[in-house]
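I opened a new model today and kept notes as I went. Here is what I looked up.

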Amino acid sequence: MNAGYAPFFHVGVLVRDIEQAAVDFGKLLGLRFEPVRSAPLVTGEPMRFRYSLAGPPFIELVQMADTSLGIWGPEQGEGLHHIAFADPDVPGTCAAFGGKADTVVDGGEGGEARVIFTRPEALHGIRIEYLQSAMVTATFERLRGAADAG
């Protein structure tokens, strides 16, 4: 699937225990999840997450973590955390939020932002995540392969 045809990518759910959450979502909703993945933030701190194999849109489970960015800490509470979209111009979108969005993953062309999150006050208390379209396309392919193999 090309990210340009499905910009609504996933719903992020913040959880205390990512392994137990996958069991619970699986038992109650019949979902299967990819193995837990880890990725570094712009601060170098790791984040743990996993996507459902059914989608799009996917469900992303995100492990609570006290990071210097303050986006995923326990004070946020478990539950709906963000809605994510593919975006061909993450830096431009970040700028359009006028200081109410933060780069969380960089390393795109010229060191540009690859992932940003809006601050909750930008949209009625819900964060919006924008991911570089190429990242979304690669994730679609990885999840499709995992779903076909399982």
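Predicted model: local features only at pLDDT ≥ 70, side-chain atom pairs only at ≥ 80, totals over all residues.

Before anything else, a term I need: I call it a polar contact when a pair of N or O atoms lies within 3.5 Å, and within protein one of them must be able to donate a hydrogen and the other to accept it.

Entry one, D24. I found D24 in helix α1, which covers residues 18-29. Its side chain makes a polar contact with the side chain of Q20, at 2.8 Å.

Entry two, D89. This one sits in the loop between β5 and α2 (90-96). At 42% relative accessibility, D89 goes down as partly exposed. A polar atom of the D89 side chain lies 3.0 Å from the backbone nitrogen of G92. I also checked D89 against L14: they are 75 residues apart in sequence and 26 Å apart in space, C-alpha to C-alpha.

I traced eight strands in an open, mixed sheet, ordered β2-β3-β4-β1-β5-β8-β7-β6. β2 (37-40) and β6 (101-106) are at the edges with a single partner strand each, so one side of each has no neighbour in the sheet. From one strand to the next, the twist averages 30 degrees.

Strands β5 (residues 79-87) and β8 (residues 127-132) run parallel and share six bridges. I looked up I83 and found its bridge partner in β8 to be I128. Helix α3 (residues 133-149) packs on the sheet, touching several strands including β5 and β8, and its direction makes about 85 degrees with that of β8.

Note on methods:
Residues numbered from 1 in each chain as written. Heavy atoms only, no water. Pairing = 2+ DSSP bridges. Helix = DSSP H or I, 4+ residues; strand = E, 2+ residues; numbered from the N terminus. Axes fitted to C-alpha atoms, helices over the stretch in contact; angles between N-to-C directions. Contact = heavy atoms within 4.5 Å. Buried < 20%, exposed > 50% of the residue type's maximum accessible area, 1.4 Å probe, protein only.
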